[in-house]
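This report goes through one protein model. It starts with a single aromatic residue and then turns to the rest of the chain.

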Amino acid sequence: KADVTEEMMMRSLLAVCILAMAAPAAAFAPGSVPTLRSARAPAISMQKKVDILDKIEQLEVLTALSKSGILSKLERSRTLTKLENSGLLSTVEKLLPIVDEAGIISLTKTLVNTSPGILNAVWFGLILLPAAIVALVPDTNNGLVAVQVVSVPLCISLAAPLYFGAQVLKVIQGDDVVDLSGVAKLL
């Protein structure tokens with residue numbers, strides 16, 4: 001019984017440490033700082049709206065794409081021909097009306113105007129979550145151990161796209177010219 005109590009105390013201590021590490025990050029999450037606002041005063045948004053086509057022009061994405069040589073490399077490797085022969089382009093063409101009906105374009109516009117800080121806070125929380133699960137979920141049976149084991153790859157697989165999405169949003173919402181030379185080297 002003393003071993004169980006000691007183990008629970010260690011888990012609780014680990015959970016407190018994890019929360020102590022997460023608290024500073026949460027302090028920078030949007031909406032975490034209380035603000036005083038008059039009932040008549042409208043909310044002021046510090047984040048400017050991004051028109052994706054204007055932003056593509058401003059960031060000179062098409063020039064960067066041209067200078068990178070990505071399209072030429074795709075042409076030389078006959079990648080587009082292979083995609084066409086596989087029927088992938090026809091499949092995409094059939095999916096376009098579904099994309100239209102589902103409102104994916106509106107959703108994309110909304111996501112582009114999301115603060116990268118929100119995505120950063122979520123992926124950071126997902127990285128810390130498995131440690132909290134291991135600390136708080138007891139090892140009393142195989143099912144609970146399985147939950148602990150599965151939580152790590154699951155949370156990382158959810159966090160990774162959020163991390164990269166936050167980086168993309170920083171570029172889209174920023175003012176720096178896009179450099180795709182690193183992408184061209186990968187092809």
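## Aromatic rings

F124 counts as partly exposed, at 30% relative accessibility. The model described here is predicted.

A search through the whole structure turns up three aromatic pairs. In one of them, the ring centres of W123 and F124 are 6.3 Å apart and the planes stand at 80 degrees, so this pair is edge-to-face. In another, the rings of Y163 and F164 have centres 5.3 Å apart and planes at 75 degrees, so this pair is edge-to-face too. The label follows from the angle, because planes over 60 degrees apart count as edge-to-face. In general, a pair of aromatic rings is described by the distance of the centres and the angle of the planes. Ring pairs join W123, F124, Y163 and F164 into a cluster.

F164 counts as exposed, at 54% relative accessibility. The cut-off for exposed is over 50%.

The table lists accessibility for residues in this report, including some from the loops discussed further on.

| Residue | Relative accessible area | Class |
|---|---|---|
| F124 | 30% | partly exposed |
| F164 | 54% | exposed |
| S77 | 33% | partly exposed |
| N113 | 18% | buried |

## The whole chain

The protein has 10 helices and zero strands. Along the sequence, the pattern reads α-α-α-α-α-α-α-α-α-α. Of the 187 residues in the protein, 20% are buried. The protein exposes about 14,000 Å², and carbon and sulfur atoms supply 68% of that area. Among contacts with a separation of 6 or more, 82% are between residues 24 or more positions apart.

## Helix α9

Does the span of helix α9 agree or disagree with its 32 residues? Helix α9 covers residues 142–173, and at 1.5 Å a residue its 32 residues should span 46 Å; the end C-alpha atoms are 46 Å apart, which agrees. The expected figure is 1.5 Å times one less than the number of residues.

α9 bends by about 30 degrees at S151. A proline, P153, follows within four residues of that position. S151 is also one of the buried residues of α9, and the others are Q148, C155, A159, A166, L169, I172 and Q173. In an α-helix there are 3.6 residues a turn, so residues three or four places apart point the same way.

At the start of α9, a side-chain oxygen of N141 comes to within 3.0 Å of the backbone nitrogen of G143.

Most residues other than glycine have a negative phi. S77 is partly exposed, with a relative accessible area of 33%. The side chains of S77 and T79 are joined by a polar contact of 2.5 Å.

N113 sits in the loop between α7 (104–112) and α8 (116–136). Is N113 buried or exposed? N113 is buried, because its relative accessible area is 18% and buried means under 20%. The side chain of N113 reaches the backbone oxygen of K109 at 2.9 Å.

Note on methods. Residues are numbered from 1 along each chain as its sequence is written. This is a predicted model: local features need pLDDT of at least 70, side-chain atom pairs count only at pLDDT 80 or more; totals for chains, interfaces and linings use all residues. Side-chain values use heavy atoms; hydrogens and water are left out. Helices (H or I, at least four residues) and strands (E, at least two) are DSSP runs, numbered from the N terminus. Buried means under 20% relative accessible area, exposed over 50%, partly exposed in between (1.4 Å probe, protein chains only). A polar contact is a pair of N or O atoms within 3.5 Å; within protein, one must be able to donate a hydrogen and the other to accept it, and residues adjacent in sequence count only if both atoms are side-chain atoms. Contact means heavy atoms within 4.5 Å. Accessible areas come from the Shrake-Rupley method with a 1.4 Å probe; for residues, only the protein chains shown count as cover. The bend at a residue is the angle between axes fitted to the seven residues ending there and the seven starting there. Rings of Phe, Tyr and Trp (its six-membered ring) pair if their centres lie within 6.5 Å; planes under 30 degrees apart count as stacked, over 60 as edge-to-face and the rest as tilted.
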